[in-house]
Amino acid sequence: MTAPETRADRFVRELAELKIPDPAAQRSGLWLRLGGTLMALGLVLGASAYFISHNTTDPLVQRDALALALGAVAGSVVGSALFLRYSLTGFLRFWMARQSYDLALLADRLFERDLNDGFASTDPAPR
Amino acid sequence: MTTLLELRDVRAAYDEITVLHGVSLSLVAGQVVALLGPNGAGKTTTLRVAAGVHPVRSGRLVLGGRDVTGANPRDLARAGVCLIPEGRGVFPNLSVRDNLLMMTFTGRSRAEIEQIAYARFPVLAKRAAQAAGTLSGGEQQMLALARGLATDPAVLLLDELSMGLAPLVVGRLYEHVVEIARQGVAVLVVEQFAAAVLGIADHAAVLVRGRVAHRIRPEHGTHAELAALYLGSSA
């Protein structure tokens, strides 16, 4: 017979099995800032490209502005994606937990209501 | 006895301000260790480091013999590290029952969590439908402890349990803490008011300006000695 596993033993075992994630996963703050910066920079560069292109008749400069605008839009899209990914996940996780909690509560209430209705319908007393 | 938590020469900082200057502590299963010290000594930061919530600048966080420095605090919480922060951390607008229900994320059923909570703190059963914000300070602290116990902790980290509570209530709460420790849980208690916790702690460490200035066994620590450490003069 082996002795039952204590909480401390289980703690040690679970920690031994714990996969410590890559430290890169902790760089979310950096990614968030980078995303925000790219998003803002993309908008500024896009607007600048419009004015550069608008204020010249030189097609070479206009092509440069076009390339700059495309880069800016791409940067802004990537930045927005990064920003959303690292800013909203925490909120959405909580929101999902809250949703599942509300659903469980609703299910409990419906169940209780059905239970009460069941009792009421089998009530033999005349009404 | 199994050592469940060790801080080895931990340094931690908030931006450029270093708060902990090489703190070393260890915690054994079934023991209550008190971390004392004046305001701003780094007690709460030490707890946050132990829970993996605050990053270490150097040094090691070892849990259950494994170096977990830099591990995700969620993984540590899942393994059994429970931090009850200063200010109790209950949802004031939710009822006691709903506060407990929020702990079902641990995988335990509502019935199981309520059973654990109400068995330890019967007064919570009477207040089950009451909003947590309307409970007395002591009852809110009980609710916070009950929520912590619902996670089946192996290491319990308590921050300023006595804050804003009457000495009698604090005494009762610490009786519960001792009972929790007796079940094999390692408990680290941060307290500013030494008298409240020295009666129940197996060991105590006094933190002054981010360093462990003194280690005492409560029966040997005199109030004069502690006062001197708090005030920064020699006893």
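Q: Ala79(B), buried or exposed?
A: Ala79(B) is buried, because 25 other C-beta atoms lie within 10 Å. Buried takes 20 or more other C-beta atoms within 10 Å of the residue's own, exposed 12 or fewer, partly exposed in between, with C-beta atoms placed from the backbone.

Q: Experimental or predicted, and how is it numbered?
A: This is a predicted model: local features need pLDDT of at least 70, side-chain atom pairs count only at pLDDT 80 or more, and totals for chains, interfaces and linings use all residues. Residues are numbered from 1 along each chain as its sequence is written, and chains are lettered from A and ligands numbered from 1 in the order in which they are written.

Q: Where is Ala79(B)?
A: In helix H2 of chain B, residues 73-79. Helices are DSSP runs of H or I, at least four residues; strands are runs of E, at least two; both are numbered from the N terminus.

Q: What does Ala79(B) touch?
A: Phe11(A), Glu14(A), Leu15(A) and Leu18(A), leaving out residues up to four places away in sequence. Contact means C-beta atoms, placed from the backbone, within 7 Å.

Q: New topic. What is the strand order in the chain B sheet?
A: S6-S7-S8-S3-S9-S10, an open sheet of six strands with mixed pairing. Two strands pair if DSSP finds at least two bridges between them.

Q: Which are the edge strands?
A: S6 (81-84) and S10 (211-216) of chain B, each pairing on one side only.

Q: How many bridges join S7 to S8 in chain B?
A: Five, and the two strands run parallel. Val155(B) has Ala186(B) in S8(B) as its bridge partner.

How values were computed:
Contact = placed C-beta atoms within 7 Å.
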